[in-house]
Amino acid sequence: MAKNVKIHLADDHQIIIHGIQTLLDTVPNFQVVGFSLNGTTVYQDVVNNKADVLVLDISMPEKDGIEVVKEFAVKGFPCRVIILSSYDDLKLIKEIMDMGVTGYLTKQCAGDSIIEAVQAVANGEEYFCETIREKIFSHATKNNPKLNTYKPNVNPLLTEREIEIIILIALEYSGKEISEQLFISTNTVETHRKNIMKKLKAKNTIGIVKYAMNNHLVIY
């Protein structure tokens, strides 16, 4: 049975809150337990209703989302946080993730990704919507001559994130470098590495590199 997930929404537009709640209410184990219309009340609201996940808009009145995250960082995160924003600036995203946020969605993709995002961060994972994840990966591999920009067919068991990590491993990025480049924790990188090895039946990192080369994910 899936674990119940209590969710708090913070946005200054009630119509957006209503729209997100309508989507989340379609998931049996999700429960929206409250909402905030300005940033000053978010921390106490979340503490009071014991939410597991906060979906937080950056553009909030009185105290914006970044200030709220800074407050969480000082006082301790009472829940996991997903940022919902119109901005896709990588410098801003990295700054926010470094403070302890675990998910980032643009408002353009929220409708398609919000359920998946909430479930992922509730399970202790980091989450980016597809457009942000692709932008981060493109920046991480920018101008690398060994990257094959053509995407061949690969093992259908592999996720897009796992394929990206296979490529970075084959491009000789260390676990720490992958963590820094993809804005995810080293523990997440290691979890992905173990899952990749299991799916590929690889005994070590050399097996991952061979897979990348044999499937033309990188050019040597």
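**Close-up views of a predicted model**

View 1. Residues are numbered from 1 along each chain as its sequence is written, and side-chain values use heavy atoms, leaving out hydrogens and water. Helices (H or I, at least four residues) and strands (E, at least two) are DSSP runs, numbered from the N terminus. H9 covers residues 186-200. Its buried residues (under 20% relative accessible area, 1.4 Å probe, protein chains only) are Thr188, Val189, His192, Arg193, Ile196, Met197 and Leu200. Among the elements covering them are helices H7 (160-170), H8 (175-182) and H10 (205-214).

**View 2. His8 in strand E1.** Look for His8 within residues 5-10, the span of E1. His8 is buried, at a relative accessible area of 1%. Its side chain makes a polar contact of 2.7 Å with that of Ser36; such a contact is a pair of N or O atoms within 3.5 Å, where, within protein, one must be able to donate a hydrogen and the other to accept it, and residues adjacent in sequence count only if both atoms are side-chain atoms. The backbone oxygen of Gly34 sits 3.4 Å from a polar atom of the His8 side chain.

**View 3. Ile82 in strand E4.** Ile82 belongs to E4, residues 80-85, and is buried with a relative accessible area of 1%. Beyond four places in sequence, Ile82 touches (heavy atoms within 4.5 Å) residues including Val53, Leu105 and Val121.

Methods: Predicted model: local features only at pLDDT ≥ 70, side-chain atom pairs only at ≥ 80, totals over all residues. Expected span 1.5 Å × (residues − 1). Buried < 20%, exposed > 50% of the residue type's maximum accessible area, 1.4 Å probe, protein only.
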